[in-house]
Amino acid sequence: MARVRRILVALKDPAGKPTPALEKAAQLARANGARLELFHGITTSVYLEPFAPDVLTPERILAVQRRGAKERLEKLAARLRRAGVRASTAIEVDFPAHEAIIRRAARTGADLIVVDAHAGRRMLPALLQLTDWELLRHSRVPVLVVKGRARYRRPVVLAAVDPMHANAKPGGLDRVVLGAAGQLADSLRGELHVVHAYDPLPPSVANARVMNSRVAAAIRAEAREASKRAFARLMRGSKVPEARRHLKAQNPYVAIQQAASENRADVIVMGAISRSGIKRLLIGNTAERVLNELACDVLVVKPRGFRSRIPRSRRGLRVVANPMVLPY
């Protein structure tokens, strides 16, 4: 992850109380000497009302919405400025929410996007287009999804790496993960840990007819040695002490969960590549389970050269006919 100079924090409700994402984004801005932009996208539809007064045009309704949202954002920004944060505000009319955020981040050159986690348990997030999940899938810019309410105080940052490149992940992604995790830990004066999980005996192998205890033990030993060597190569030259390097012979999600619990992690840093359709469903998604089950924040980065498929042009105002008004 590049040095953080510009942070975009996306606020769903400018009229609400300061959210954990806003508080932590401000903390990161101060720690990095970065500029912070408070962003709100107006994504709601404006209904055409055939019997409404002429003054209530979609444009005028939109102007009222923009003015109200801008005033509320400015109040939040003023509080941050008094605390020494270089804060600005922006309102844009665009939809859906994740696309609006990604386009704004691209236009402003943001180095980090910060959002609050979706409230409640996520059921089929890709199908429901939950904003935080869609950002993790499609944003080229690193995304910090905030789940914990407490401010960072010398946080434990856990980097989840995969030097064996399971599921065809790009080889350079681990370096990006380690760089982002190290930068986050350094800026907040935290503690960096690294976890690598490997499956010692995949189910497809364990259920083979030729399998017996002796063969299984040999496969486990070989898998451990190969993973140990790959982990050591990745960490060569790193300043992370051995006590903070965790090699686990478990399913990645179980290993991350265990390492996070054992070390009281505040942030988990993961790499992700956007998949779609049946391939994504067959492979599964560790990030989705981490977001569902763990209470700590999650920072997701993409491999170098990742290209977002989100269109660059804003969609603008969404005007629809009122479904409650039926024609004669």
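Leaving aside neighbours within four places in sequence, which residues is Leu-144 in contact with? The views below start there, and then move on to other parts of this predicted model.

**View 1. Leu-144 and its surroundings.** Contact here means heavy atoms within 4.5 Å. Beyond its neighbours within four places in sequence, Leu-144 is in contact with Leu-28, Leu-112, Ile-113, Val-114, Val-115, Tyr-152, Val-267, Asp-297, Val-298 and Leu-299. A second, separate nonpolar core holds 38 residues, among them Val-115, Ala-272, Cys-296 and Val-300. A nonpolar core is a set of buried Ala, Val, Leu, Ile, Met, Phe, Trp, Tyr and Cys residues joined through side-chain atoms within 4.5 Å. Buried means under 20% relative accessible area, exposed over 50%, and partly exposed in between (1.4 Å probe, protein chains only).

**View 2. The largest nonpolar core.** This core has 51 residues, and the members touching the most others are Ile-7, Val-9, Leu-36, Leu-38, Val-114 and Leu-144. Helix 6 gives the most to this core, with eight residues. Helices (H or I, at least four residues) and strands (E, at least two) are DSSP runs, numbered from the N terminus.

**View 3. Helix 6 against helix 8.** Two packed helices are described by the angle between their axes and the distance between the axes. For helix 6 (residues 173–187) and helix 8 (residues 213–235), the axes come within 11 Å and cross at roughly 55°. That makes helix 6 oblique to helix 8; angles under 35 degrees count as roughly parallel, over 145 as roughly antiparallel, 65 to 115 as roughly perpendicular and the rest as oblique. Axes are lines fitted to C-alpha atoms, for helices over the stretch in contact, with angles running from 0 to 180 degrees between N-to-C directions. The crossing of the two helices is right-handed, a term used if the near helix is turned clockwise from the far one by less than a right angle. Asp-174, Arg-175 and Leu-178 of helix 6 meet Arg-233, Leu-234 and Met-235 of helix 8 in this contact.

**View 4. Arg-151 beside Glu-23.** You will find Arg-151 in the loop between strand 6 (143–146) and strand 7 (156–161). Arg-151 is partly exposed, with a relative accessible area of 36%. Although Arg-151 and Glu-23 are 128 residues apart along the chain, their C-alpha atoms are separated by 7.4 Å. Neighbours within four places aside, Arg-151 is in contact with Glu-23, Lys-24, Gln-27 and Arg-30.

**View 5. Backbone details worth a look.** Most residues other than glycine have a negative phi, and most peptide bonds are trans. The peptide bond from Phe-95 to Pro-96 is cis, with omega near -10°, and Pro-96 is in the loop between strand 4 (86–93) and helix 3 (97–108). Arg-189, in the loop between helix 6 and strand 8 (191–197), has a positive phi near 55° and is exposed at 61% relative accessible area. Arg-264 also has a positive phi, near 55°; this residue is in the loop between helix 9 (252–263) and strand 10 (267–271) and is exposed, at 72% relative accessibility.

**Notes for all views.** Residues are numbered from 1 along each chain as its sequence is written, and side-chain values use heavy atoms, with hydrogens and water left out. In this predicted model, local features need pLDDT of at least 70 and side-chain atom pairs count only at pLDDT 80 or more, while totals for chains, interfaces and linings use all residues.
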